[in-house]
Amino acid sequence: MNGLSITCPQCGFSRTVDMQRIPARAVRAVCPRCRQGFSFDRDDGRGDQAPKTAATSAEAVPPPPALLPAPPLETASLRRIPFVFTGNAREYFGIWIVNTLLKIVSLGLYSPWAKVRKRKYFYGNTLLDDAHFDYLADPLALLKGWLIGAGLFILYSVGTRFSPVLSGALGILFFLVLPWLVVRSRLFNNRNSSHRNIRFNFTPSYREAYTAFAWLPLMTPFTLGAIVPYTVYRQKRFLMEHNSFGLTPFAFDARSGDFYLVFVRAFGLLLLLGGLSFASASVLLPVLNTRVASAAAILPAFLPFLLMAGYLFLGLYVYVRLTNLTWNGTRISSHRFVSSLRVRDMAWLFASNALAVALSAGLLVPWATVRLARYRLGHLAIETCGELDLFRADNIGEVGATGEEIGDIFGVDIGI
Amino acid sequence: METEAFYYDGESSARSKVSLVLAGDNLHLRGADLDLYFPLAEIRISPPLASVRRSLYLPDGAVCEIAGGSFAASLEHRQGKGSFFSSLHRWEMNLKRAFAALAATISVLGLFIHFGLPILAKRAAFAIPPATEASLGIETLHILDRTLFEPTNLAENRQNELRALFAAIGTGLDDSDRAFALMFRRSRHLGANALALPGGTVVLTDELEKLAEHDEEIIAVLAHEIGHVRNRHALRQVIQSSTTGLIVATLTGDVFSATSLAAALPTMLADASFSRNMEREADDFAAAYLQQEGIPLDRFAAILLRLQESRGGASEHEDQGAGITDYLSTHPATAERIERLGLDGY
């Protein structure tokens, strides 16, 4: 069947319509859900924000000469395009070690160049439909951000050592600028990432950023934590929905109920874990005490480790499930992401990576990083009925790297 | 010279196949519907990086992706650019050289933390105004009062006697802008101890006052602490350890959190070794003061030995000197310190 997925720009409702049923000259549609009229693009089915902008962008971007292949909608059927990671540990080891040396010799000043080189390696080895990604950041822009971040880090570490007041103030300040940092670093990263020579972009909305990363987290104690899944949902939605690839925005249609389900399951596992450890402490221990004294001496020593492993596993469970939920709820025009990470695989990866890194005094870090990237990208794909040829570029300006680098040096992870 | 390439015009995500030919100072791009010339000097070429496809960023915003590295390399050669990155690339791709880089990394890092950082920290510490240092000292004392210290039990007149001894050490010094002050505290956790805080405040514990059998022993300890103050040791230590933290954070920035323990270790090791050098500096100052006052160095040695016994340190163990435990301990082995005072046979 020749289907065209048409997406409403107002409410994000999407439906695949048989090409034969669309009149040849139709350019406007009415959304069945919100009754909003909009014009749509026959090439990718994406509704334009308003007919006016559609007209101006058509003027600004003249249709390229016949080098665009004819829209291959005749052959469209649902297919899965996997992400492929082609890097290997041996290559990355060389890059990593040389980066490390140059960073030390230059007292850290080389780190922006090192970062660009590392990112270029990982992006350049990430293929989608046999086209790689590219990281385009200017190391000099990163250097400015690095210098500011390093200054703040010194202030912070001296401050926390000597003055609880100062460290408290810095903590509050950091909390206040965090949403800003999130938006700036997202903007910087997206605008400096490209695929098929089309850059990604991010539509900044500080109001939404402050809701998701400051107000909702503040509500956590007042709701006894019941708001946490919703907060996470809003954060993921914010980070995904404002992305765009060229002129094409991402859409996010995961439901907050699914996020609650993940947390409820994790909470159930937590209760089970707590119950088990309580039972082993209160029932098992006295019994063992009377029978085997040596076993009773060993068990309390191992119990904390077992508990720790249990909590780490729970954390990983939440992380993996949320990552899958987030990607699976993300679309870019009619192309849907499919993420199929498995908790047990990730647990094995993390545990073996941590062990290998610890036993090799850090030398296996490149191997561990490559291994993780290969697994994660190997379980991410795009499901589409169309081609990836039909995206259009946008002219976007430069953005400073301060947000990105400060977040980096303080270890704030705002990845997806 | 000719090669096949993928062409992306930068306006749409469409991909087409083109062939590239180097024609004089121009790059000739030919595709199904394209026939373009670009001056070589205006083309930016992505640096060589493992086996990642090379990109040519054309002046009109389009990009060409080339699978093999040799065409891009010859363009770069013609441009006369990119020699830094191509040598970097050769280095990264050669496992032997990478291991040489590893050895160099470890030795450079070690040398810097051991020799370079203390010098930089000393410069920085002496550049910080005394008022800033003093306020840091007050904050530290507040924290210690809450966590480790209890009020003193020493009689008022005994406190005054000791303050007079302390003031005598401070008067002859050129540190006129420094507000030396002696405080008394009791501490079950620290036991017999004396601390030099940033800014000039020295704290003496009741337990140390009891341990000392002669006031000259206390003078030796106080002189040692003033040695710390004069050399801005507290501040230098903070600067050194936070800089080490910064270095470690930068280096391990691309490492996930599993290695955070490994990251903390160098900081600890560096901290310990800095303290040892500082203890030696403070010992030297104390010894000079004692000699100037005509007090026998035996007094200092005696209190050091008694301090060591009070902490349950087995003397024969410390006599063995160097080794990893020696490196990890914040104070140099007592025997070594006494030896430095010139009292080998004590």
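In chain A, residues 24 or more positions apart account for 68% of the contacts with a separation of 6 or more, a contact being heavy atoms within 4.5 Å. The structure is a predicted model, in which local features need pLDDT of at least 70 and side-chain atom pairs count only at pLDDT 80 or more, whereas totals for chains, interfaces and linings use all residues. Residues are numbered from 1 along each chain as its sequence is written, chains are lettered from A and ligands numbered from 1 in the order in which they are written, and side-chain values use heavy atoms, with hydrogens and water left out.

Chain A contains 12 helices and 14 strands; these are DSSP runs numbered from the N terminus, helices being H or I with at least four residues and strands E with at least two. Of the 416 residues in chain A, 47% are buried, that is, under 20% relative accessible area, where exposed is over 50% and partly exposed lies in between (1.4 Å probe, protein chains only).

The interface between the chains brings 65 residues of chain A into contact with 62 residues of chain B. The area buried between them is about 5,500 Å², and carbon and sulfur atoms give 67% of this area; buried area is the accessible area (1.4 Å probe) that two parts lose on being put together, summed over both. Two salt bridges are counted between chain A and chain B, each defined by a side-chain nitrogen of Lys or Arg within 4 Å of a carboxyl oxygen of Asp or Glu. A salt bridge joins the side chains of Arg53(B) and Asp130(A), at 2.9 Å from N to O. On the side of chain A that touches chain B, the elements giving two or more residues include α3 (111-124), β7 (131-135) and α4 (139-162). The largest share of this side, 15 residues, is contributed by α2(A).

In soluble globular proteins, nonpolar side chains tend to be buried together. The largest nonpolar core has 63 residues, and Phe83(A), Tyr121(A) and Phe259(A) have the most contacts inside it; such a core is a set of buried Ala, Val, Leu, Ile, Met, Phe, Trp, Tyr and Cys residues joined through side-chain atoms within 4.5 Å. Not counting residues up to four places away in sequence, Tyr121(A) touches residues of chain A, including Tyr92(A) and Ile95(A), and also Leu49(B), Ala50(B) and Val52(B).

In chain B, Asp283(B) is located in helix α9 (residues 260-293). Asp283(B) has a relative accessible area of 3% and is therefore buried. With residues up to four places away in sequence not counted, Asp283(B) touches His224(B), Phe300(B), Arg337(B) and Leu341(B).
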